[in-house]
Amino acid sequence: MQKRIYTTLVLFLLILTVAAQGFKNPVLPGFYPDPSVCRVGEDYYLVNSSFHYFPGVPIHHSKDLIHWEQIGYCLSRPSQVKLEKIGFWNGIYAPTIRYHEGVFYMVTTNTSDKGNFYVYTDNPAGEWSDPIWVEQPGIDPDLFFDDDGKCYFMSARGGGYMQLSEIDIKTGKLLSEPKNIWSGTGGRCAEAPHLYKKDGYYYLMIAEGGTEYGHKVTIARSRSLFGPYESNPANPILTHINATGMGNPIQGTGHADFIQAHDGSWWTVFLGFRPQSHTHHVLGRETFLAPVRWDKDSWPIINGNGTVSLNMSCRTLPQFIFPPKALRNDFSDTKLGFEWNYLCMPHANNYSLTERKGFLRLKATTSTINHIDSPTFVGRRQQHINFRATTLLDFQGIKDGAEAGITTYMANDYHYDLSVLCKEGKYYLSLSYHLSRLHHLEKGIVLEGKQVFLRVEGSKDCYTFLYSTNGKQYEKLSEINTRFLSSETAGGFTGVYLGLFAQEKLVSGSYADFDWFEYTALDTK
């Protein structure tokens, strides 16, 4: 018994030791931009932008701010969000999550609908309400509950002003006219406002410089909610645009949110990106974490000097690691896991996990992944610079003029496709590149049989495409540069997805059956 107690004590001390040794950034790798966080007791909840992907606004849960597990989506029903025929510049922008008197609120902007709205729930892992719209223009909205229980709504307006108004949280109705309260320090694209109250001051934190290499976080404060606000003399409080951030493998840091942990310490979550091929990044903007020193009556200081690293050496909360997820999805459940997303608003009857047990059936339509529409596509994020993605495709349901396969997808006009095409009764393995107006068929091989293993491998500079007829020996078809799918080349605010798709030129009733999909990280982040 004493030995067991001793062992338990040693393990507990080991956990504390590990907790003091820091953590690795990003804490959410891949396309998880514009993070916002709230705390309830010792539980933390984080949301991110989702743009033209459905379901919208993924929500994660954590016990330590470092390790996160997705528990659902805030926007999971068509009644909550309209995303018809929109591109990757549009859709759901910059959510904020807040908790007040037993209720969670997520407020965001749908640039392809009526603008700003919020949804609410008492269970963040369950269903959220239908939208409550707020008739205040702008983007990147924030909700702030003051000590007297009043609720205030803030948004970033054109011209760089942060506008604040009081609202009725039950109806979304404005109770006061929006007032300009701060425009930042002169950086372009002032946005992402968040309000906090500490030591009798109202602190207003925003992002400036655009969500690119010039991104930064600035802050101001006032004794009065509506100002005037005094700018921090040490602004910006977070940026890698200065000499201290030069050469850092993390760039574009900004769009931050503060949280006070249950032990009293302060932290910030924020976005950044990792250039991987010269100055290009393909993973999208990711979620990072850093400690904040925030003494009484003082300005907050992020990680000592306003920069962060991949390997953080600061003391942390006791770390809680969730059980690892299986690498392979064998499509044996009745619905897909939270890691999967659709483009725009999916047509549910084009996807089936029951028509052929143990397979994901995708039914081809004439809406293709080259269109700004709702093609038969389901994908998951590329989350690592070095990775391998493999699937087994049964192509016997593909008819003349139809194709199905795996794509590295950045946008409707920026993607690389490894697919099986049926032409005059023969099946061809095809590798094609789609880069704006440039479309190129790299290679086509005649296939025998009914199944083929398709594989994509990613590295810093290249995607490599391979196939196998037996699942043991893989043949390399070709490779192409990653940077052509980067945000710097393609634009937009998203990151690369590994997608499964099916499409056809004419309606023929074609379908493709995917036996399984496996994603493997070949690096630690």
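Analyst: Let us begin with the surroundings of one residue. This is a predicted model. Leaving aside its neighbours within four places in sequence, Ser165 is in contact with Gln136, Cys151, Tyr152, Phe153, Leu174, Ser176, Glu177 and Pro178. Ser165 itself is found in strand E13, residues 162–167.

User: Is Ser165 buried or exposed?

Analyst: The residue counts as buried because its relative accessible area is 0%, and the cut-off for that class is under 20%.

User: With which side chain does the side chain of Ser165 make a polar contact?

Analyst: The partner is the side chain of Gln136, at 2.5 Å.

User: Where is Ser486 found, and what lies 2.7 Å from a polar atom of its side chain?

Analyst: Ser486 is found in the loop that runs between strand E37 (475–481) and helix H2 (487–490). The atom 2.7 Å from its side-chain polar atom is the backbone oxygen of Arg483. Ser486 is likewise buried, with a relative accessible area of 0%. Not counting residues up to four places away in sequence, it touches His280, His281, Val282, Met410 and Gly491.

User: Let us turn to strands. How do strands of a sheet pair?

Analyst: They pair through backbone hydrogen bonds, in either a parallel or an antiparallel arrangement. In this model, strand E11 (residues 139–145) pairs with strand E12 (residues 151–156) in the antiparallel sense, over five bridges.

User: What do E11 and E12 form, and how many residues lie between them?

Analyst: They form a hairpin, with five residues between the strands. In the turn, Gly149 has a positive phi of about 90°. As for accessibility, E11 is mostly covered, since six of its seven residues are buried.

User: What is the order of strands in the open sheet of four strands?

Analyst: The order is E7-E8-E9-E10, with antiparallel pairing. Strand E7 (92–100) and strand E10 (132–133) stand at the edges; each has a single partner strand, so one side of each is left without a neighbour in the sheet.

User: Over how many bridges do strands E8 and E9 pair?

Analyst: Strand E8 (residues 103–110) and strand E9 (residues 115–121) pair over seven bridges, in the antiparallel sense. To locate one of them, take Thr108, whose bridge partner in E9 is Phe117.

Methods. Residues numbered from 1 in each chain as written. Predicted model: local features only at pLDDT ≥ 70, side-chain atom pairs only at ≥ 80, totals over all residues. Heavy atoms only, no water. Helix = DSSP H or I, 4+ residues; strand = E, 2+ residues; numbered from the N terminus. Buried < 20%, exposed > 50% of the residue type's maximum accessible area, 1.4 Å probe, protein only. Polar contact = N/O pair within 3.5 Å; in protein donor to acceptor, adjacent residues only side chain to side chain. Contact = heavy atoms within 4.5 Å. Pairing = 2+ DSSP bridges.
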